[in-house]
Amino acid sequence: MKRVLVLGATGGTGSAIVQELLSKHRQVVVFVRSLEKLKQRWPSATDWRVGDVFDYQSIVAAGKDCETIFQCAAIPYHLTTSQQLPLGKSVMHAAQILKSRVVFIDGIYAYGATLGRPVRETDPLKPVSKKGATKRDLAELLFSRQYQDVAVALMRLPDYYGPMARKSSYLGMTLIGIAKRQPTIFIGRQSVAREFVYLPDAAKMIVQLADKTSAYHQAWNIPGQKITGRELVRLAKQDAGSWAPVMSLTKPLLRICGWFDADIREIVEMAYLTEKPVFLDGQKLRETIGPVAATPFSVGIAQTIESLKNPHQ
């Protein structure tokens, strides 16, 4: 994997993956919607393209001579059900033309509700939400006969956090508010233990897998670590020197806040994941690449808060 194209290179996962690829001395073409965002996130980037991920021709133009496409472009949360499949088709069609492999980054919604144990890649997809059904349909599309000539690896991440995440995750608003020492929110009950992956860790695991020919034509779990919201907030406030309150938004409050915010309104149907979380089994990953990257929360949160306090450094 010498030359790669990263779609959504200024977003949370995209930025982390670009950084990891550059640390491995890979030739990276960064693909973004806005040149201004590119300059803010990657001021020293030398190979970049501005385009639209929904236009397969612009991906093809950007991906010339690229062996692998990393699909990290984010869709506005409230547009998931309408835009996820068109995005998938655009990326896969471009890959067919380019004869490139695809690493497609996604979440855990397709798995549905908890099984009472960590979910494995071989477990059936039983979504219990409209966004989950869309994610199941995406998986079926990626591995369909229509695209059987494309080597694709579908990588599923739990909720994430990190210096690059900003508002692109459930923890985004929480950590940004804490870093600014302002009152903020936490989605879900803080007493519940949930799984979060530190984005630089996720990027390491994703790139390691992407280097392996055997990793394609299948799905992968990219596991994180468990922590309660209460402990996570305590660590973040300690690092930020903040005493400002952090209010938990449970399902009833999410419904009320959803009257004023389209993305929060869409979180309501996913609230089950904050009440009875789904955890990822990482055995398949460990058997393939060895030990899972797992930065301690005390380190990862400190680095995240420092980055949010000084966003232009």
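User: Contact means heavy atoms within 4.5 Å. On that basis, which residues does Thr 295 touch, not counting residues up to four places away in sequence?

Analyst: The model is a predicted one. Thr 295 is found in the loop between helix H12 (283-289) and H13. With residues up to four places away in sequence left out, the residues touched by Thr 295 are Tyr 161, Tyr 198, Asp 201, Gln 225 and Gly 300.

User: Is Thr 295 buried or exposed?

Analyst: A residue counts as buried when its relative accessible area is under 20%. Thr 295 has a relative accessibility of 17%, and therefore its class is buried.

User: How far apart in space are Thr 295 and Ala 193, C-alpha to C-alpha?

Analyst: Along the sequence, Thr 295 and Ala 193 are 102 residues apart. In space, their C-alpha to C-alpha separation is 17 Å.

User: What span does H8 reach from its first C-alpha to its last?

Analyst: H8 has 12 residues, and its span is close to the value expected at 1.5 Å a residue. The residue that follows H8 is Gly 241, whose phi is positive, near 65°. From first C-alpha to last, H8 reaches 16 Å.

User: How are H6 and H13 oriented relative to each other?

Analyst: The two helices meet through Leu 175, Ile 176, Ile 178 and Ala 179 in H6 and Thr 304, Ile 305, Leu 308 and Lys 309 in H13. Their axes are 9 Å apart and the packing angle is about 65°, while the crossing is right-handed. Angles of 65 to 115 degrees count as roughly perpendicular, and H6 and H13 are therefore described as roughly perpendicular.

User: How are H4 and H5 oriented relative to each other?

Analyst: The axes of helix H4 (residues 80-98) and H5 come within 9 Å and cross at roughly 15°. Because angles under 35 degrees count as roughly parallel, H4 and H5 are classed as roughly parallel.

User: Which residues does Thr 134 touch, not counting residues up to four places away in sequence?

Analyst: Thr 134 is found in helix H5 (residues 130-142). Its relative accessible area is 8%, which means that Thr 134 is buried. Apart from residues up to four places away in sequence, its partners are Thr 80, Thr 81, Gln 84 and Leu 85.

User: Is His 25 buried or exposed?

Analyst: His 25 lies in the loop between helix H1 (12-23) and strand S2 (27-32). Its phi is near 60°, a positive value in a residue other than glycine. With a relative accessible area of 72%, against a cut-off of over 50%, His 25 is exposed.

User: What is the relative accessible area of Lys 99?

Analyst: Lys 99 sits in the loop between H4 and strand S5 (101-106), and its phi is positive, near 60°. Lys 99 is exposed, with a relative accessible area of 74%.

Methods. Residues numbered from 1 in each chain as written. Predicted model: local features only at pLDDT ≥ 70, side-chain atom pairs only at ≥ 80, totals over all residues. Heavy atoms only, no water. Helix = DSSP H or I, 4+ residues; strand = E, 2+ residues; numbered from the N terminus. Expected span 1.5 Å × (residues − 1). Axes fitted to C-alpha atoms, helices over the stretch in contact; angles between N-to-C directions. Parallel < 35°, antiparallel > 145°, perpendicular 65-115°, else oblique. Left-handed = near helix turned anticlockwise from the far one by under 90°. Buried < 20%, exposed > 50% of the residue type's maximum accessible area, 1.4 Å probe, protein only.
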